[in-house]
Amino acid sequence: TVTVNIVQPVVPGSKDTPPPDSLIIPAVAHADGINSKFQSDVRVSNTSAQARKYSVIFTPSGDDGPQHVQQTDISIDPGQTIALDDVLRTWFGSGVTAGATGTLEIRPLTPTGIPSVSTALSGVPNISTFAASRTFNATANGTFGQYIPAIPFASFIGRTLQSGAPSVLTLQQIAQSAAYRTNLGLVEGSGQPASLSISVFGGNGAKVTEFPIDLKGGQHLQLNSFLAAKGIELQDGRVEVRVISTGGKVTAYASVLDNQTADPMLVTPVLLSQDGASKYVVPGVADLSTGAANWRTDMRVFNASSNPVEADLVFYSQTGGEPRTAHLSLAPNEVRQLDNTLASVFGVTNDGGALHIATPSSANLIATARTYNQTTGGTYGQFISAVTPNEAIGANDRALELLQVEESDRLRSNIGIAEVTGKPVKVRISVTPPDSKVSATTELDLGANGFKQLPQLLKAVGFDGTYNARVSVKVIEGDGRVTAYASVIDAITQDPTFVNAQ
């Protein structure tokens, strides 16, 4: 499939403060790494009922990156998703020889009539433009990739929250060892300089190191193998990022790479000083041996409060049946490591589904998982953050959107849907090809706390051989709330890329 877009020429730009609804992909690349060759394939989708115009702004990495901004304009028809494959080389001409990295901003230029957000986005924000990148290591024997969703500028953090409490981002399941290395990425989005404090904690919760970082306005900085550079070995840890200057707005990410396969796993940031919840759901946990792959899940549960927390863990199988339960007691600031979670916690093997964490009252927990294919030559994994009911959708909410979905001879896509509140729902799943001229829909009844993974959904609804599709999940009946994801798997390497619903 070839999509032709009329664009303005690429011209020099400058880094100024974006509007709150600007979407910023924190890392894009066309560059060589250690035993790797990375490129970024970007998707931008306009789900509104009118054509919209956007500025696409590339800011190179480094101290002087904000002085070398490049931008161009694009137009996207209603319902259309455009593909910007290997975006730096094909759209900006960067990285053809020496390689390039940086950030990509998609700035709306056409008013939508929807009130502009002015505070940090939470829950399911009322937006109609979605963007994401799949940044992957391209080899002669397939790809190893990570999905990088765009972050609205409204969700970048400053020094404090509206309440006056400190703003802190946390990143879990990082490592620097014989098996893994971790790159830490930092992005300043407002165009104003920012001073940061970076803290690293070990698996036992003890602080390992703390160091300052200064970012210029608009700067993207990636610290490759940042723990190794400080002489630190860490089997399992956590990073906190906070702004200590009065100005600047930042976000962060970590990319954890398997040293044998060079497969990257994007660790997305979670706001530490957030309102708690009494339910957290991790969809897509597994202990499955299919013959072609051996899927395992390693979970981490962090009690980000100064009080102990009692929690019930419940596993709901994708095949139904009685749920499995376990209990967890967490001390203040404790991170519990639950390796090979289904087998070690529930005694479950050869199964997959969703794991619910419930507490008697609201608790500030951060639950994450790494679900991966274990091979004799290393791992190929995907990072999954828990979802609260506030981050899921109900009958009166807009649809969840999944980009980067493909069904072809190179990639296949499984769609997962989980109910998170204990109430049944009916959902409508729509598949829209990039030109949006036709679509296919199917409906699914999901019981209370139900979980379904739909293998190769595009093929099942008649869109086999479809590249750059968008899948929408909408609740049409019932009082429950659902979350969704896509797992896009390379046909050769069996490497999964976890696509978060937006």
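**Charges and rings**

Mentor: The charged end of arginine 134 lies over the ring of phenylalanine 136, 4.6 Å from the ring's centre. Over a ring means NZ of Lys or CZ of Arg within 6 Å of the ring centre and within 35 degrees of the ring normal. This is a predicted model: local features need pLDDT of at least 70, side-chain atom pairs count only at pLDDT 80 or more, and totals for chains, interfaces and linings use all residues. Residues are numbered from 1 along each chain as its sequence is written, and side-chain values use heavy atoms, with hydrogens and water left out.

Trainee: Which ring does the charged end of arginine 238 sit over?
Mentor: That of phenylalanine 201, 4.5 Å from its centre.

Trainee: How many aromatic pairs in the whole structure?
Mentor: A search finds 7. Rings of Phe, Tyr and Trp (its six-membered ring) pair if their centres lie within 6.5 Å; planes under 30 degrees apart are stacked, over 60 edge-to-face, the rest tilted. Phenylalanine 211 and phenylalanine 226 make a tilted pair, 6.4 Å centre to centre with 55° between the planes.

Trainee: And which residues form one aromatic cluster?
Mentor: Phe451, Tyr485 and Phe498.

Trainee: Is aspartate 86 buried or exposed?
Mentor: Buried, at 5% relative accessible area. Buried means under 20%, exposed over 50%, partly exposed in between (1.4 Å probe, protein chains only).

Trainee: What about asparagine 350?
Mentor: Asparagine 350 also has a positive phi, about 55°. Asparagine 350 is exposed, at 52% relative accessibility.
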